[in-house]
Amino acid sequence: MLASIKVVNEKCIGCGICWSVCPKAVLAGELRGVARVINGNACHACFSCQNNCPTNAIYVSPTPNWPH
Ligand code: SF4
Ligand code: SF4
């Protein structure tokens, strides 16, 4: 796991962008629901979810394993 993913439920509008853009199928959810982390170990810290979220509801926090 290269990063931990935090979703701020109160800010998430369930647009589906994050789980659509994630190349590692880390995220899932239902439209107009809330994004969930379903496979955190697969995250490779590409930041696509964070960079594409329209409401800044999802944050990528690199772990010590992240290659700097
Ligand atoms: S940082 Fe990249 S791999 Fe990790 S959850 Fe976000 S989109 Fe997926
Ligand atoms: S991109 Fe942001 S607002 Fe849209 S589902 Fe993901 S966390 Fe929620």
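Helices (H or I, at least four residues) and strands (E, at least two) are DSSP runs, numbered from the N terminus. The model is predicted; local features need pLDDT of at least 70, side-chain atom pairs count only at pLDDT 80 or more, and totals for chains, interfaces and linings use all residues. Residues are numbered from 1 along each chain as its sequence is written, and chains are lettered from A and ligands numbered from 1 in the order in which they are written.

The protein contains 2 helices and 4 strands, arranged along the sequence in the pattern β-α-β-β-α-β. The radius of gyration of the protein, taken over C-alpha atoms, is 11 Å, close to the 11 Å that the globule rule (2.2 Å times the number of residues to the power 0.38) gives for 68 residues, so the protein is as compact as a globular protein of that length. The C-alpha trace spans about 35 × 20 × 15 Å along its principal axes. Two residues are in contact if their C-beta atoms, placed from the backbone, lie within 7 Å. Among contacts between residues at least 6 apart in sequence, 53% join residues at least 24 apart.

A residue is buried if 20 or more other C-beta atoms lie within 10 Å of its own, exposed if 12 or fewer, and partly exposed in between, with C-beta atoms placed from the backbone. Buried residues make up 22% of the 68 residues. In soluble globular proteins, nonpolar side chains tend to be buried together. A nonpolar core is a set of buried Ala, Val, Leu, Ile, Met, Phe, Trp, Tyr and Cys residues joined through C-beta atoms within 7 Å. The largest such core has 15 residues, and those with the most contacts inside it are Cys 18, Leu 27 and Ile 58. The elements that give two or more residues to this core are E1 and helix H1 (17-21). Leaving aside neighbours within four places in sequence, Cys 18 is in contact with Leu 27, Ala 35, Cys 49, Asn 52, Cys 53 and Ile 58.

Two ligands were examined through their surrounding residues, where a residue is near a molecule or strand if its C-beta atom, placed from the backbone, lies within 6 Å of it. Ligand 1 is surrounded by 16 residues, of which the closest are Cys 22, Val 26, Cys 43, Cys 46 and Cys 49. Strand E1 (3-7) and helix H2 (48-52) are the elements that give two or more residues to this shell. For the classes, Ala, Val, Leu, Ile, Met, Phe, Trp, Tyr, Cys and Pro count as nonpolar, Asp, Glu, Lys and Arg as charged, and the others, Gly among them, as polar. The shell around ligand 1 has 13 nonpolar, 2 polar and 1 charged residues. Around ligand 2 there are 15 residues, the closest being Cys 12, Cys 15, Cys 18, Cys 53 and Ile 58. By class, 11 residues of the ligand 2 shell are nonpolar, 4 are polar and none is charged. Cys 18 and Ile 58, listed here, are also among the residues with the most contacts inside the largest nonpolar core.

Most residues other than glycine have a negative phi, and most peptide bonds are trans. Ala 25, in the loop between H1 and strand E2 (27-28), has a positive phi, near 55°. Ala 25 is exposed, with 11 other C-beta atoms within 10 Å. Ala 45 also has a positive phi, of about 55°, and lies in the loop between E3 and H2. With 19 C-beta neighbours inside 10 Å, Ala 45 is partly exposed.

The loop between strand E3 (36-37) and H2 also holds Gly 40, which is partly exposed, with 15 C-beta neighbours inside 10 Å. Beyond four places in sequence, Gly 40 is in contact with Met 1, Ser 4, Ile 5 and Val 26. Gly 40 and Val 26 are 14 residues apart in sequence, and their C-alpha atoms are 5.6 Å apart.

Leu 31 is located in the loop between E2 and E3 and is exposed, with 8 other C-beta atoms within 10 Å. Not counting residues up to four places away in sequence, Leu 31 touches Gly 14 and Gly 16. Gly 14 is found in the loop between E1 and H1 and counts as partly exposed, with 15 C-beta neighbours inside 10 Å.
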